[in-house]
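Dear colleague,

Please open it first, and then read my notes beside it.

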Amino acid sequence: MRQSIVQWFKFASPQSFYPLAGRLIPWFWSAAAIFGIAGLWIAFFVAPTDAQQGEGYRIIFVHVPASWMSMFIYLVMAFWAGLGLALNTRVSGMMAQALAPTGALMAALSLWTGALWGKPMWGAWWVWDARLTSELILFFLYLGFIALQAAIDDPRRADKAGAILALVGVVNIPIIYFSVKWWNTLHQGSTINLNKAPSMAQTMLWGMLLMALCFWMYSIAVALMRVRAIILERERHTEWVKHAVE
Amino acid sequence: MNAFLATVRRDLLLALRRKSEVLTAVFFFVIVTSLFPLGIGPEPVLLKKIAPGILWVAALLATLLGLPRLFAADHADGTLEQMALSPSPLGLLVAGKILAHWLLCGLPLVLLAPVLGLQFDLDVSTLGILTLALLLGTPLLSLIGAIGAALTLGVRGGGVLLALLVLPLYIPALIFGAGAVEAHIAGLGAGGHLSLLAAMLALAVFFAPWATTASLRIALE
């Protein structure tokens, strides 16, 4: 037991995490490619045309995984942030910093594809629906996190300040989600009900799950690549980085 | 508790020696709410409908305006470091500073809101709900804002960054605060909204001084 704990902490040091990340990245990239090709093949060639929505519905194969990832990455980011704050490990803060741009990208992608889907289906690029609004707020939270980290020069302080912000955000996300939801039902603004989705064909579900796995693998690969760059930048004064770059 | 009251008294005294800073935020609140009828038009029906939202958004922005001052001056002259070193817990002193901030920036807005509400043709019972909602909501704004103020202390472009960090977190307060007044106008009763607002306030009273203290310790490192 004691042995395994020591092993985990070994990778909390940037010097030992850097080569590990380097070895893992190709695996995640190839998994992302395989899942992506399979998912897109199902999405475009196997899944049947939807009876109500026609061909336009196929954008959900990108939209739904992007929305899932945008929410999940914030949780992972807050986890790393909390870990870094509690244990004072350097790689944790770097992981949180590396995940934020991918999370923001996913939130933006989700909003954008949602608008593209909404225009033909609802006749509007944007409605003040609870899900859309909370996704937009999540995007703002990501931007705040990135902006705060970018504004602080000292990386240790940036990590810790970002960690507190991420944890405050994670406490607030359920509150924001429910407040927006109740606000929406009180106003009865749009007549569209997103909750009563028609039951999905089995192939559509498979396509979506494969695409979700593809997005997972992509996010991990990109975050690891970014964390490697951050490690090199922050540890540039050390001997091992000089050797690693050579 | 003595240290807490002493901090409140000190901050109030400091603010009263420089009245213009406090008054600026109050006048900002008045001017912003008066701009909306000029931009939208003087129709009483429309103004009555949008009044709760306007007053709440203006209160949000006015609170935001006062936040950078919360710790900046004490940070600049080293008082904050002495507070961190003092024998009484920093969290208590921070709570005192937040209370003083609310008394200076939040309470005037609560007292002014009924007067401004009259401009929007709200009736007496609605004005009462509006005041009550602001009374519960503005301390919440001060508490959440204090976390942002501590995080951006001494950081490049602090003021704009503070708005970016804090405004998304203000959304629930805005929704339930303005929602309480709208529900009352619609005849639904504001009790649920006010209860939720009070619940969020209770949560924030417990957690926000703690998070603010942690952020201040990071800024002081």
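Predicted model: local features only at pLDDT ≥ 70, side-chain atom pairs only at ≥ 80, totals over all residues.

Residues are numbered from 1 along each chain as its sequence is written, and chains are lettered from A and ligands numbered from 1 in the order in which they are written.

Chain A has eight helices and zero strands, where helices (H or I, at least four residues) and strands (E, at least two) are DSSP runs numbered from the N terminus. Of its 246 residues, 39% count as buried, meaning that 20 or more other C-beta atoms, placed from the backbone, lie within 10 Å of the residue's own.

Where the chains meet, 22 residues of chain A and 21 residues of chain B take part in the contact; two residues are in contact if their C-beta atoms, placed from the backbone, lie within 7 Å. On the side of chain B that touches chain A, α7 (124–151), α8 (158–185) and α9 (191–220) of chain B each give two or more residues, and α8(B) has the largest share, with ten residues.

As for α7(B), 21 of its 28 residues are buried, so that this helix is mostly covered. A kink of about 25° lies in α7(B) at B:Leu135, shortly before the proline B:Pro139, the bend being the angle between axes fitted to the seven residues ending at a residue and the seven starting there.

With best wishes

Terms used:
Buried ≥ 20, exposed ≤ 12 C-beta atoms within 10 Å, placed from the backbone.
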